[in-house]
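This report concerns the pairing of charged side chains. Please examine the sequence and structure shown below.

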Amino acid sequence: MIKTRFAPSPTGYLHVGGARTALFSLLQARKQGGKFLLRIEDTDVERHQEEAVQRIVDALRWLGIEWDEGVDVGGEAGPYRQSQRLEIYREHVEKLLAGGKAYYAFDTVEELDAMRKQAEAEKRNFRYPRPSPLPSEQDAQQAREQGRPVVVRFLNPMRDVVFDDDVFGRIVTPAAEQDDFVIVKHGGYPTYHLANVIDDALMGVTYIMRGQEFLGQTWRHVLLREAMDFAEPGYGHLPLILDMQGRKLSKRDGDVEVDAFRRSGYLPEALVNFIALLGWNPGEDREKMTLDEMVELFSPQRINKANAKFDRQKLLAFNTDAIAAASEDRLVAALTDFLSLNDTAIPAGDEAVLRHLVQANKGIRTFEDVVAKCEVLFKADDGYEFDPEAVKKVLTRNEKASLAVLHQVRTMLANADWTGEGLEKAFTEFCESKGLGMGKVAQPVRVAVTGTTVSPAIYDTLLILGKDRTLARIDRCLRVAVTD
RNA sequence: GCCCCCAUCGUCUAGAGGCCUAGGACACCGGCUUUUCACGCCGGCGACGCGGGUUCGAUUCCCGCUGGGGGCACCA
């Protein structure tokens, strides 16, 4: 049975590149009827951020990417955090050492840097010079006593390595490009290469998907597996996701973090759908897909080799469509989540209000649009500004005409039945009796009660506000805005 | 510097020798709709990087160039 995994290191938030790797791994597992697991690779003590673990877990769940095994859900091959598996790595390293497949080394980083510099000066490639004879256990002990750093390096068999990748095809790394790399860091932590290979083997991972940046380093893993007698998994390296300037997305680009999209009012299904299309597509002209549909259509052979740029305009379009397609209940829940992450005047806990907001805000692109158009309705009746441009455009430019209308509308509203139908009837009759278009009537009211020219349909706007607050706002407008 | 990977509209891509007058989506431009914004609808602009081969025929195959990206850590 196939098993895939996502194995992030907790050094920051989950960004879209990682999310796509996780997604494809999930799709591959589901498509083949296998399992998907989540492992945390926290072997970098320096860059480790404990909060990042929970953030990554939350972000994946929000996206709808669920794992069958791993952190937070458990499983037979745990623990699923590398920092809790140190003993396991130690045992394997002992065996490697005893079997003459690895050896100790004592170089300081300064010494290594100097060697690299010299190699560069001499225009040759740096490859770690294997000592002869190899240091013994006694040498290691002595080095430790002298306070020198002690690491373990892999004794490279130095042969050409060949493996097949489902995306990039056959990859060959000549022996001349390899050297004796570090597998245990000073301090006893395993390097990524060692821990990753051991864990994949022990956890039964049979298929590895990861970013293309590892393609040229996979030879290390092939060799390590061979040395420890582990089975070779299948590979599918993913092309990179670049920003619009064509640079590799980095964790420093906070705006490509999954959390940032959640906070900005995106729907996870839109993000997932969009990300899936970065480097993959089901063929034909199909773009909109649910997770289940993607599972059905997925195949690593259809992943492109070329890097893709992350175009947030297209993502925005996907989000607009996803919101338009989502059910009212779904939107109420998502809006609640969005509001819980943002500080606005909109009452996040009032479901009836949120439902009305969802109904009144058809056509929005993100939930931020709800805030932009409706937050003012929840502020104090004297707690909003009048946009001078708006006031000028719809209230004071046409002499006193618009103001006169506003006065009359106020009277009309004071006697109106405050329901959708009631308001519509009142406005329609008013327009007819005055011989005015709806624009001439609705806009002055809108500016009066919101201070701007933008809000939901006028009936919804007034309904959310209620009669008393509407009248109070019109009065304030008449009093304040126009005299300025 | 060395090694590796990649190359179709601005962007994501379809295309696996004739189906291509190169298709779709986003963006952009124009128009329509409209009580504002947004949404929606209709139309338009727009690409096979260059040079050699192979072939009756290349976007599709091969080579070179150019361009872009990645790797060369006691980071993952």
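The sections below describe salt bridges, their location and their solvent accessibility.

## Overview

The model is predicted. A search of the whole structure finds 34 salt bridges. Side chains of opposite charge can pair when their charged atoms come close.

D199 and R85 form a salt bridge, in which the closest N and O atoms are 2.7 Å apart.

## Pairs with greater accessibility values

A salt bridge also joins E122 and R124, with the closest N and O atoms 2.3 Å apart. E122 has a relative accessibility of 43% and therefore counts as partly exposed. R124 is likewise partly exposed, because its relative accessible area is 43%, a value between the limits of 20% and 50%.

R170 and D164 meet through their side chains in a salt bridge of 2.9 Å, N to O. R170 counts as exposed because its relative accessibility is 59%, and the cut-off for that class is over 50%. D164, with a relative accessible area of 43%, is partly exposed.

Salt bridges that share partners join R5, R39, E41, R85, D199 and D200 into one network.

Technical notes: Residues are numbered from 1 along each chain as its sequence is written. Chains are lettered from A and ligands numbered from 1 in the order in which they are written. This is a predicted model: local features need pLDDT of at least 70, side-chain atom pairs count only at pLDDT 80 or more; totals for chains, interfaces and linings use all residues. Side-chain values use heavy atoms; hydrogens and water are left out. A salt bridge is a side-chain nitrogen of Lys or Arg within 4 Å of a carboxyl oxygen of Asp or Glu. Buried means under 20% relative accessible area, exposed over 50%, partly exposed in between (1.4 Å probe, protein chains only).
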